[in-house]
Amino acid sequence: MDDRISSLPDAVPYHVLSFLPTKVAIATSLLCKRWNHLWRSVPVVDFDDDNYHTNTETYFRFVRSVYAFILSRDMDQPLQRFCLSSSYLCDPVNVKTWLVAATQCRVEHLDFDFSLDCIFDLPTAGLTCKTLVVFKLSNVRLSSLKSCSVDLRRLKILHLNSVTFSEDRDLAELLSGSPNLEDLEVSDLYFESYVVGTKFTRLAKLVRAHIFTPEFPLQVVNNVEFLRINWMDHRCLIPEFRNLTRLKFGSYVKGLLVLDLIKRCPKLQILVIYKICYAKCKTFTEHDNQQQL
């Protein structure tokens, strides 16, 4: 019987392996000799310590496996995506080393999700990565961004979920260093302190924004065409949204604020109102009521 797998061009198995967790992609080297080294050039790296935190020894085994992979990978091959999910006490030194290695491979997509009981201080090594297009952060803390000179000139997509900033101007630095953003999602932002006179730069190229926190200044996103927002209160300064055609807001937005917001959207075409409910499993459910204007 012909070995059709071995006859495939390298681009095909690379594409297939990119959909697998990294440890599974490495295991495919057992399939045939030709696949022994393919995993070293796979464009997607995805590590998850979910099965390694039963005790300290098993977690150290996970850390060693990440280092072994990075040291074995072909550094001349570009890296499309680097994902790290951790629910254990990750060492910032290790994360910084892995992050620097990813940036050296011209990474385009970084995704860090730390489901921890404590706040994880994310090293700022990725904030000067000029090849980065997608940046997603969950359950991390960012500080002293002014000193690292944020330079994310190619960044198009930024998602921040449960991110703590030491100061509000750290968020301002992150956004001003990302002038070409097109898609922004922020949820549950926290500031440990506020600096008097902090100025936020308007994101002129932004198209879509999802705002799920009252701590975000709306003037930053007033150029969008699509806005989804589920929280507003008396602290919000509502700018004019000259390009907004689709607005979606949740039931936590108070009635008078809704009217004020709609009045400031001269091009609005579609309005969607959704009700946020708590299910028994403590997850959100939504019920949409869409209205064409």
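The structure holds 1 cavity of 30 Å³ or more. A cavity here is a set of points on a 1 Å grid over the protein atoms alone where a 1.4 Å probe fits but cannot get out, and lining residues have an atom within 4 Å of a point. This is a predicted model, in which local features need pLDDT of at least 70, side-chain atom pairs count only at pLDDT 80 or more, and totals for chains, interfaces and linings use all residues. Residues are numbered from 1 along each chain as its sequence is written, and side-chain values use heavy atoms, with hydrogens and water left out.

| Property of the largest cavity | Value |
|---|---|
| Space | About 70 Å³ |
| Nonpolar lining residues | 10 residues |

Volume is the space filled by probe spheres set on the grid points, which are joined across faces, edges and corners. Ala, Val, Leu, Ile, Met, Phe, Trp, Tyr, Cys and Pro count as nonpolar, and Asp, Glu, Lys and Arg as charged. Among the lining residues are Phe-69, Ile-70, Arg-73 and Trp-98. Helix 4 (92-104) gives the largest share of the lining, 3 residues; helices are DSSP runs (H or I, at least four residues), numbered from the N terminus.

Helix 3 (residues 56-72) has 17 residues and also supplies at least two residues of this lining.

Key:
Expected span 1.5 Å × (residues − 1). 1 Å grid on protein atoms, 1.4 Å probe; cavity = no way out; pocket = protein on both sides within 12 Å on 5 of 7 lines; lining within 4 Å.
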